[in-house]
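The sequence and structure are shown first.

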Amino acid sequence: TQPSSMAPPVEVMSEDEIEDGVDHESGDENEDEDPWGPGGGSLPGIEDMLFQPRDRTGNRSSDELETLCQELEGAAVADAEKEVRTFLERTQGEVREADVLAILLMLFRTCRDSALEQYDTWDITLGYCGRITTICDANFVGNVSEDNRQTGCLSAAIVGTVYGEVGRTFALAGHAGVARDRLMKALHAFDLMGDSDANDESAKHQQAAARASLARVLRGVGRAGEALPEFMQALQLYITLDAPEDLSGIMSEWCETVVAAGSEHLTENVPALLCDLAEGAFGEGSPMHLKALNDVTNACTSLGEAWIATHAATELARHLREGGKIAG
C-alpha cells in the first residue's frame, strides 16, 4: 500500500455528479439480467455444427424435428432418447451420435428454460446433463477429421461447449461443486482444440464463457481470490472477440470480485490495464470506457486504495465535465 504522504490527490466527484453522468437510456445491464451473467448462456451454432436434418431426398427439413421436440417436452430422458433414435433412423436412414446429441441438447434447453421459469423442477434437466456428457465422453476424438465427422465423432470444441452449458446449468440448480467440475472439464476440452477450432470465433466465445462461468462459481462459494485470475483469463479471450458488452461485463465483474476478495488481492497494474483495455476496445470517452473508469475507481476506493485509481478518477471526471456518459 502506498503511504498516504506519497499518494497523489484524487479528484473526487459527488454521487450526484456521477449519477448525472450515467446513461440510463442505454439500458441497465442488471435489468432483466441474463441468469448466465455476461458472456454465458446458450450461444448459437452448436446444433448446426452437429446436425442439419434432411429428408430422404436430401432436402433440408426441420418441421418433423420441431414436432418431435414439442411431443417430447417433459418426457423422461431415456424415453426421449429412444424416440430420438427412432426418428433419426426413419428420417435420416442412420443414427449418428452427433445427431442424437444435437436433438437431446434442444430438449435439454427447453427443460432448462422451464426450470428457470419455475414451471418445472430441475430433475429432468439434470438428467439430460448426465446423458449428454456421457455421449460426449463416448464419442470425443479431439481434433475431428472430415472422415470421422461423418461417423458422428465429436470435436474438442463441441465437447467443451456441451460441458460448459452443463456446468452453468448445475450452477443455476445450486450444485456448485458439480458445476466447478464440469466447467473445468469444459476448459480442458477447449485446451485440446485443433488449430481450426481454436481460431473459430464461436468456439473461442464458448471457451471465454466457460472460463467466466468458472470464475462466477468460485466467487459464489466464497473463493473470490481464486476467481480473479479466471476472470482475467476470460477477459484475455473476450478482448480478441467482437463482444463489447461481454468484455465490459467481465471488467465490471472483476471489479466487484476484487472488492469481495479484499485489498490483498488488489495490485496496482490490473486496474490500469483494465482502463487501457477499455479505452482501446470501446474508444476514449465512450460510455463503456467511462463505465470501466467508474468501476475501477469505485473498487479501489472501496478497498481503501484510492491512490491506485488516481488516473482513472481524473480521466472520468474530465470526460463527465465534457458531457460524457457512463453506460448504464
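Two residues are in contact when heavy atoms of theirs lie within 4.5 Å. The model discussed here is predicted.

## Overall composition

The protein has 328 residues, of which 49% are buried. Its secondary structure consists of 16 helices and four strands. Of the contacts with a separation of 6 or more, 66% join residues 24 or more positions apart.

In soluble globular proteins, nonpolar side chains tend to be buried together. The largest nonpolar core in this model comprises 90 residues, and Val84, Leu101, Tyr238 and Trp254 have the most contacts inside it. Helix α5 gives the most to this core, with ten residues.

Valine 84 can be described by its neighbours. Beyond residues up to four places away in sequence, valine 84 touches Leu68 and Leu72, together with Val100, Ile103, Leu104 and Leu107.

## Packing of α4 against α5

Helix α4 spans residues 77-92, and its axis comes within 10 Å of that of α5, with a crossing angle of roughly 130°. Angles over 145 degrees count as roughly antiparallel and those from 65 to 115 as roughly perpendicular; α4 and α5 are therefore oblique to each other. The crossing in which α4 passes α5 is right-handed.

On the α4 side, the contact is made by Ala80, Glu81, Val84, Arg85, Phe87 and Leu88. The α5 side contributes Glu97, Asp99, Val100, Ile103, Leu104 and Leu107. By class, this contact of α4 with α5 contains eight nonpolar and four charged residues, with no polar ones.

## Packing of α6 against α8

The axis of α6 and that of helix α8 (residues 156-172) come within 10 Å and cross at roughly 160°. Angles over 145 degrees count as roughly antiparallel, and α6 and α8 are therefore roughly antiparallel to each other. In this case, α6 passes α8 in a left-handed crossing.

From α6, the residues that meet α8 are Thr125, Leu126, Cys129, Ile132, Thr133, Cys136 and Asp137. Their partners in α8 are Val159, Val162, Tyr163, Val166, Thr169 and Phe170. The contact of α6 with α8 has nine nonpolar, three polar and one charged residues by class.

Is aspartate 197 buried or exposed? Residues under 20% relative accessible area count as buried, and aspartate 197, at 17% relative accessibility, is therefore buried. This residue belongs to helix α10, which covers residues 195-198. Apart from residues up to four places away in sequence, aspartate 197 touches Ser155, Ala157 and Ala203.

## Two loop residues

Glutamine 118 occupies the loop between α5 (97-116) and α6 (123-139). Although glutamine 118 is not a glycine, its phi is positive, at about 65°. Exposed residues are those over 50% relative accessible area; glutamine 118 has 73% relative accessibility and so counts as exposed.

Glutamate 268 lies in the loop between α13 (244-261) and α14 (269-282). Which residues is glutamate 268 in contact with, leaving aside its neighbours within four places in sequence? They are Trp307 and Ile308. Between glutamate 268 and tryptophan 307, the C-alpha to C-alpha distance is 9.2 Å, while in sequence the two are 39 residues apart.

Key: Residues numbered from 1 in each chain as written. Predicted model: local features only at pLDDT ≥ 70, side-chain atom pairs only at ≥ 80, totals over all residues. Heavy atoms only, no water. Buried < 20%, exposed > 50% of the residue type's maximum accessible area, 1.4 Å probe, protein only. Core = buried A, V, L, I, M, F, W, Y, C linked by side-chain atoms within 4.5 Å. Axes fitted to C-alpha atoms, helices over the stretch in contact; angles between N-to-C directions. Parallel < 35°, antiparallel > 145°, perpendicular 65-115°, else oblique. Left-handed = near helix turned anticlockwise from the far one by under 90°. Nonpolar A, V, L, I, M, F, W, Y, C, P; charged D, E, K, R; others polar.
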